[in-house]
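Please read the points below with the chain on screen. They go through a few helices, strands and single residues in turn.

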Amino acid sequence: MNIEETKLSNNLRVITNKMPNFQSAAVGAFVHAGSRNETIENNGVAHMLEHMAFKSTNKRTAYQISQEIEVLGSYVNAMTGTESTAYYAKGLSENIATATDIIGDALTDSVYNQDDINLESGVIIQEICRYEDNPSSVMNDILQSLAYPDQPVGRKILGTRDFVSNATSDVFRNFVNEQYSAETMIVFASGGLDHNEVVDAANNAFHKIPATTNRPQTLPVTYVGGLGIDTSKPFTQVAAGICFKSVPVIFHSMYAHMLLAEAFGGGMSSPLFTEVREKRGLVYSTGCNGDFNPDYGDVSIYGGTTPENLAEFINVACSEFAKMRETINEVDLTRAKNTVLVRIALMQEKPEAMMSYMANSMFTRNRIREFDEIKRDIEKINIDDLKSAAKFLFESKPTISLVGPVPDADYEGMVKAAIG
């Protein structure tokens, strides 16, 4: 990586990664504030704010923002997560200054007009409706709410209909004033770029960002676990998720947990896919993945199946996962390592992905880790590390989320018996 960093006069950091021979580039303002920084009263504000930022500024209307970026063939968007929010654009390298100006304008001079808010609330309600029409999405929401009950990380990123329908301009201004500053924001760019050009553009676009704010401290996360069943909608298939407490991303053992999830449920030759789909035909889609954050993490098995196959799917999936404590082999570990390494290699070829990687690395470790360092950490992991990770996962109470036509059964007892 060709990393350069400059701190502006307001202490806002600008970090770039030059990718030689690339004609495209991505630039974005990443804010270390997401749904985790919300209260129960304003749950949904971080996501709705990313919609409102591009609605209108004192200099541009929403249409002018779209037209100005799209006439260049560029693309502007935003995304909200639990830990952060990103406002970004990608296009030809020669247009990076214009993209930076538009993003800066959206984040420092948005109007938050109440008529725009009222109109956009309808759009977000439609987004919520689309989400709730997807059984897998509903299952994931329930999984999070049970794993982390009564905590911001367990609430929906999209928020509630009540908040979205009644949001006012003051809610957005208060959240920005509280959460958006040079302490929490970094401007990243990656691709065929010149670092000094990006710095000049960022200096012009983000000079209004304050150096600091009185930001409330985030609360620690507590994993709980439990069972949640939703049969309220006429889905024909059951979306099933089973989650186990894992470790934070900053723990070295995280790599063992990540590779365990990949070894067990990644790809068509994985034990999970082989047992539940190839040998028994219980599902069309299934897998296992890990979610690792600064101070908490979890590993989840998921699958979609018909009601009559649900009990067998749960029993087989959990039993096979439990076997990983003893039967994990070198073939599965090698497959997992190579899959992750290929994923990392492909990321290095995409400016937008590189930009997101840099942001995640800075927000979790306050430095950008070189890929060779990550590769060394991954290659050090051995069979015993994966067995230890598996044992760790089963020490906590499982979280079980079932959505759709779920038959009556003792699913907690079923999972407990399967994992031993």
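1. The buried residues of H1 are Val45, Ala46, His47, Met48, Leu49, Glu50, His51, Met52 and Ala53. Buried means under 20% relative accessible area, exposed over 50% and partly exposed in between, with a 1.4 Å probe and protein chains only. H1 is thus mostly covered, with nine of its nine residues buried. Helices (H or I, at least four residues) and strands (E, at least two) are DSSP runs, numbered from the N terminus.

2. This is a predicted model, in which local features need pLDDT of at least 70 and side-chain atom pairs count only at pLDDT 80 or more, while totals for chains, interfaces and linings use all residues. Residues are numbered from 1 along each chain as its sequence is written, and side-chain values use heavy atoms, with hydrogens and water left out.

3. What do the buried residues of H1 pack against? Their partners are strand E4 (75-80), strand E5 (85-92), H3, helix H4 (114-132), H6 and H7. Contact here means heavy atoms within 4.5 Å.

4. The packing of H1 with helix H7 (residues 169-179) has an angle of about 105 degrees, and the axes are 10 Å apart. That makes H1 roughly perpendicular to H7. By class, their contact has nine nonpolar, no polar and no charged residues. On the H1 side these are Val45, Ala46, Met48, Leu49 and Met52, which meet Val171, Phe172, Phe175 and Val176 in H7. Axes are lines fitted to C-alpha atoms, for helices over the stretch in contact, and angles run from 0 to 180 degrees between N-to-C directions. Angles under 35 degrees count as roughly parallel, over 145 as roughly antiparallel, 65 to 115 as roughly perpendicular and the rest as oblique. Ala, Val, Leu, Ile, Met, Phe, Trp, Tyr, Cys and Pro count as nonpolar, Asp, Glu, Lys and Arg as charged, and the others, Gly among them, as polar.

5. Ser56 sits in the loop between helix H1 (45-53) and helix H2 (62-70). Ser56 counts as buried because its relative accessibility is 12%. Its side chain makes a polar contact with the side chain of Asp116, at 3.1 Å. A polar contact is a pair of N or O atoms within 3.5 Å; within protein, one must be able to donate a hydrogen and the other to accept it, and residues adjacent in sequence count only if both atoms are side-chain atoms. Not counting residues up to four places away in sequence, Ser56 touches Thr61, Ala62, Ser110, Val111 and Asp116.

6. A polar atom of its side chain lies 2.8 Å from the backbone oxygen of Ile96. Leaving aside neighbours within four places in sequence, Thr100 is in contact with Val27, Ala201, Ala202, Ala205 and Phe206.

7. Strand E6 (residues 185-191) is mostly covered too: seven of its seven residues are buried. In a regular strand the side chains alternate between the two faces of the sheet. In E6 both faces are covered, with Met185, Val187, Ala189 and Gly191 on one side and Ile186, Phe188 and Ser190 on the other. E2 and E6 run parallel and are joined by six bridges; Thr16 has Ala189 in E6 as its bridge partner. Strand E3 (residues 24-31) runs antiparallel to E6, with seven bridges, and Ala25 stands opposite Gly191. Two strands pair if DSSP finds at least two bridges between them.

8. An open sheet is formed by five strands in the order E7-E11-E8-E10-E9, with mixed pairing. Its edge strands are strand E7 (226-230) and strand E9 (286-292), each pairing on one side only. Helix H5 lies across E7, E8, E10 and strand E11 (399-403), at about 150 degrees to E11.

9. Most residues other than glycine have a negative phi. Asn11, in the loop between strand E1 (3-7) and strand E2 (13-18), has a phi near 75 degrees and counts as partly exposed at 41% relative accessibility. Asp150, in the loop between helix H5 (135-147) and helix H6 (161-166), has a positive phi of about 55 degrees and counts as exposed at 77%.
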